[in-house]
Amino acid sequence: MKRFGAFEVETHSYKKNEKVLSETELDGSALDEESGLISKNGSAIGVMVDGKPFVGFPTPSRKNEFFSQTMIDWKWPEYAIPTYIKSHIHLDHLDQSKGEYVLVPTFRLPTLIHSRSGNAKWLTEISNRNPIWMHPDDAGRIGVKTGDLLKVNTDIGYFVDKVWVTQGMKPGVVACSHHIGRWRRQQDPEGNRWAVNTVSIENDGNGGWRMRTVRNVGPFESKDPDSKRIFWTDGGVHQNITHAVHPDPISGMHCWHQRVRLEKAGLRTITAIFSWTPTRPTKCIKNG
Amino acid sequence: MNHKRHHTLIEQIAEKIGLIPNLHQETETPLDRLTEPGHLTNFPPPEKWDDWVEYEAKDWPRLSKKHYTIVPTTCFNCEAACGLTAFIDKETGQVRKFEGNPYHPASRGRNCAKGPATINQITDPDRILYPMKRKGERGEGQWERVSWDEALDDIAARIRKALLEKRNNEVVYHVGRPGHEGYMDRVLQSWNVDGHNSHTNICSSGARFGYSIWYGYDRPSPDHANADFIFLISAHLESGHYFNPHAQRIIEAKMKGAKLAVLDPRLSNTASMSDYWMPSYPGTEAAVLLAIAKILLDEGLYNRAYMEKWVNWQDYLKKMHPGVDVTFENYILKMQEEYQEFTPEFAEKESGVKATMIVDVARQIGKAGERFSTHNWRSASSGNLGGWAVSRCLHFLNVLTGSVGTVGGTSPSAWNKIKPKFFDTPPAQTFWNELHFPKEYPLAFFEPSFLLPHFLKEGRGRMEVYFTRVFNPVWTYPDGFTWIEALSSEQMIGMHIALTPTWNETAFWADYVLPMGLASERHDLNSYETHSGVWIAFRQPVLREAARRNGKPVTFTYEANPGEVWEEDEFWIELSWRIDPDGSLGIRKHFLSPYRPGEKINVDEYYQYIFENIAGLPEAARNARPDGTRLHEAVWRF
């Protein structure tokens with residue numbers, strides 16, 4: 001393993017549910033004639049199919065469970081069989097006339113890995129901004145074009161990001177990639193400078209928070225001569241920090257999509273940009 | 001072959017006046033070609049890995065030779081753990097570059113951009129090289145260097161005290177990207193803490209639940225390479241779990257004529273390569289899938305033989321339709337009734353995907369039959385309330401077509417993974433931590449960890465010692481400011497230890513920041529369901545292995561790593577011994593060598609035991625000639 005680093009244990013692995021239980025495995029087991037279930041010491045170990053004792057799947061019936069007694073037992077009988085569940089961002093729950101959209105905030109780029117690749121200069125050189133993808137019809141409705149600033153209002157706050165107008169997005173849906181918008185405060189140690197904006201964070205002590213970028217990504221001195229050659233400045237926008245938690249009552253999954261209200265960035269933000277201060281229009285506010 | 005270069009007049013003049021190096025200095029024998037002119041070789045042959053010679057690109061046009069030791073390891077820049085080979089310069093002892101490992105059964109020598117970029121990460125001028133301890137208030141931004149001994153003793157004493165006072169639930173290890181998952185489960189069990197928290201509920205719990213409720217396995221393993229029709233609710237030609245191993249196999253199938261359908265509101269790179277881009281409105285994927293199911297049922301395109309045997313349809317009829325004869329025909333009839341509203345037109349109204357395209361795709365799926373591979377991991381299942389219904393409805397299509405576990409179909413993950421056997425397995429812990437599994441979410445698949453700071457703020461508990469590893473919730477999780485609030489409070493979190501190779505937004509609110517090795521600086525074990533087959537790969541600290549080959553073996557990985565960078569495996573062994581210095585807590589006995597009674601286990605022994613217990617591996621290794629060439633023949637079969 002030290003020499004080649006890998007070993008192939010099986011070349012193919014198909015139909016393992018059709019593994020026949022051995023005599024030893026069957027020893028002391030009981031067969032339920034009606035269901036075909038083979039049990040041993042109180043738990044199902046296989047199932048009789050076509051007269052053969054197969055290991056099956058690790059479910060109560062040892063088969064694919066189209067019907068789930070588990071869902072009934074846990075008081076979700078409406079989900080006993082495969083169903084369609086309308087999402088929290090279903091169009092029924094959105095008022096498009098008020099500028100409400102669904103934000104898909106999860107898509108990954110081929111070149112980055114979560115917040116772990118800010119230390120890779122080649123990757124950061126390739127991917128260093130995360131604009132909002134928007135269909136031309138929506139951009140027209142809101143009155144923005146590529147590069148304009150958009151205020152994205154979530155359940156608990158907002159962030160401001162640039163727009164990228166593209167036909168590659170379904171109308172009514174906007175998206176913003178994951179990975180980008182890394183930060184440090186001025187007092188924090190330097191790290192991942194290929195990808196990190198310097199920000200100021202204010203806390204009003206009452207659950208309200210505000211983050212502003214005070215310095216963009218830029219060239220820096222280091223033992224690596226490439227660090228002086230950084231030509232990108234964007235650094236992107238941290239969106240997740242403005243998302244509320246959305247637990248799914250069954251799987252416990254955080255439901256990432258956000259119902260957002262989109263509007264052109266307001267006067268204060270515009271002023272901030274055109275005042276040519278180093279302040280970037282990245283703001284995140286969370287209220288209580 | 002004649003390798004003599006003829007120098008141009010300009011080169012000769014430039015050489016004479018010193019503008020370029022002396023081209024005639026090269027007096028050594030030129031390197032042999034590996035192949036005839038006109039042919040290329042992708043990788044150095046394994047018998048040359050111990051001393052691989054190639055020209056130094058930066059010395060061009062001078063032909064100077066560089067000698068390398070080539071050591072394999074695995075990438076850590078996503079979960080796929082593709083193979084890497086480190087080219088270690090024999091002169092400087094440093095890693096010069098990373099390329100693919102042709103002997104890795106999943107990646108087969110191919111890598112995405114993130115693999116070779118590992119070299120950036122190990123040479124990053126900003127990386128953390130020494131243990132750091134906070135000065136002043138937590139989060140204030142002031143740090144001082146401390147010794148590993150000081151950090152280990154301080155942390156161990158806290159944990160020991162908590163365990164002695166039965167505050168076992170206050171010791172927590174929270175991991176973002178796990179590697180060798182079994183390793184930490186074993187450590188935490190030995191401490192008798194219910195201390196494992198994961199990132200899974202911001203990642204894949206939705207998809208996992210949908211699969212699990214069907215067949216008890218929580219992930220799909222599509223056999224894309226042999227499929228006739230591939231259906232993705234993901235962007236697996238460019239990103240996502242195992243995307244590089246998957247992408248090469250998807251393209252392989254497409255080259256053989258397979259069709260690809262992609263359900264995604266965004267024209268991803270994957271959608272752009274598809275035959276059917278189905279830009280569905282987010283959250284309506286299950287409606288599209290059920291419309292496809294209805295067509296398969298109505299048009300008789302389902303696999304009766306498979307379903308009759310391997311679906312619990314009798315239970316369904318008995319429980320949901322008592323009084324109806326328990327016949328397969330009635331099962332089909334009842335399903336047609338259940339799904340009658342899911343017409344292609346209804347699906348179009350919900351999703352925006354054209355009804356005609358849904359019908360076309362459904363018929364293609366029916367035609368592909370058992371050679372129908374599907375995938376959904378995060379995306380729709382992670383984005384939506386009820387997202388778990390998406391993977392559930394997707395697997396429904398595999399069941400209807402009988403493509404579960406077939407050639408070109410979709411297998412359960414566990415069929416294509418190996419579970420290592422450990423030298424020692426501590427008993428299960430006797431504590432249950434409701435900060436991890438709260439009662440309100442009885443079916444939660446993995447810990448709803450994004451609620452953790454909210455639970456702490458509600459006063460549901462506290463943590464005395466909180467390890468974060470490859471984990472940056474302040475940035476990655478929703479509502480990072482609430483994480484900052486919890487991490488700032490010593491009341492809620494007594495001590496926060498960030499195990500990380502580099503600074504991140506969460507480490508700013510730590511008490512200790514302990515530098516851990518990057519991909520090529522630590523051990524790990526990988527076995528993932530990238531395709532039909534089972535493989536195991538070894539992540540190893542490449543400079544440690546190079547030192548061994550060089551006749552100067554080291555005992556601990558940190559001896560070969562830069563600065564004072566440790567690896568987790570050795571950290572947990574050392575910490576466990578310090579928590580239980582006299583063995584009275586019953587912890588230390590789980591960290592004893594299986595080969596040297598009574599001695600502390602080392603990492604080589606830990607993996608040696610696992611490898612000795614992998615079917616076929618010891619035989620393959622024994623059959624290998626001393627130079628190892630036959631081992632690769634044994635392990636390298638497609």
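**Entry 1: the contact between chains**

I began by noting that this is a predicted model. I then looked up who takes part in the contact. Chain A gives 102 residues and chain B gives 125 residues. On the chain A side, I listed the elements that give two or more residues: strands E1 (6-10), E6 (100-104), E10 (173-176) and E11 (182-185), and helices H2 (69-73) and H3 (121-126). E1(A) gives the most, with five residues. I also sorted this side by class, and it has 46 nonpolar, 34 polar and 22 charged residues.

**Entry 2: a strand pair across the chains**

Four bridges join it to strand E19 of chain B, residues 534-539. The two strands run antiparallel. I looked up one partner: Phe7(A) is bridged to Ile536(B) in E19(B).

**Entry 3: domains of chain A**

I checked the domain assignment of chain A. Domain 1 covers 17-79 and domain 2 covers 96-286. Their centres, taken over C-alpha atoms, are 50 Å apart.

**Entry 4: two helices in chain B**

I turned to H8(B), residues 285-298, and H13(B), residues 355-368. Their axes come within 9 Å and cross at roughly 60 degrees. H8(B) and H13(B) are therefore oblique to each other. I noted the crossing of H8(B) and H13(B) as right-handed.

Which residues of H8(B) meet H13(B)? I found Val288(B), Ala291(B), Ile292(B), Ile295(B) and Leu296(B). From H13(B), the residues they meet include Ile358(B), Ala362(B) and Gly366(B). By class, this contact has ten nonpolar residues, one polar and no charged ones.

Note on methods: Residues are numbered from 1 along each chain as its sequence is written. Chains are lettered from A and ligands numbered from 1 in the order in which they are written. This is a predicted model: local features need pLDDT of at least 70, side-chain atom pairs count only at pLDDT 80 or more; totals for chains, interfaces and linings use all residues. Two residues are in contact if their C-beta atoms, placed from the backbone, lie within 7 Å. Ala, Val, Leu, Ile, Met, Phe, Trp, Tyr, Cys and Pro count as nonpolar, Asp, Glu, Lys and Arg as charged, and the others, Gly among them, as polar. Two strands pair if DSSP finds at least two bridges between them. Domain bounds come from an automatic or database domain assignment. Axes are lines fitted to C-alpha atoms, for helices over the stretch in contact, and angles run from 0 to 180 degrees between N-to-C directions. Angles under 35 degrees count as roughly parallel, over 145 as roughly antiparallel, 65 to 115 as roughly perpendicular and the rest as oblique. A crossing is left-handed if the near helix is turned anticlockwise from the far one by less than a right angle, and right-handed if clockwise.
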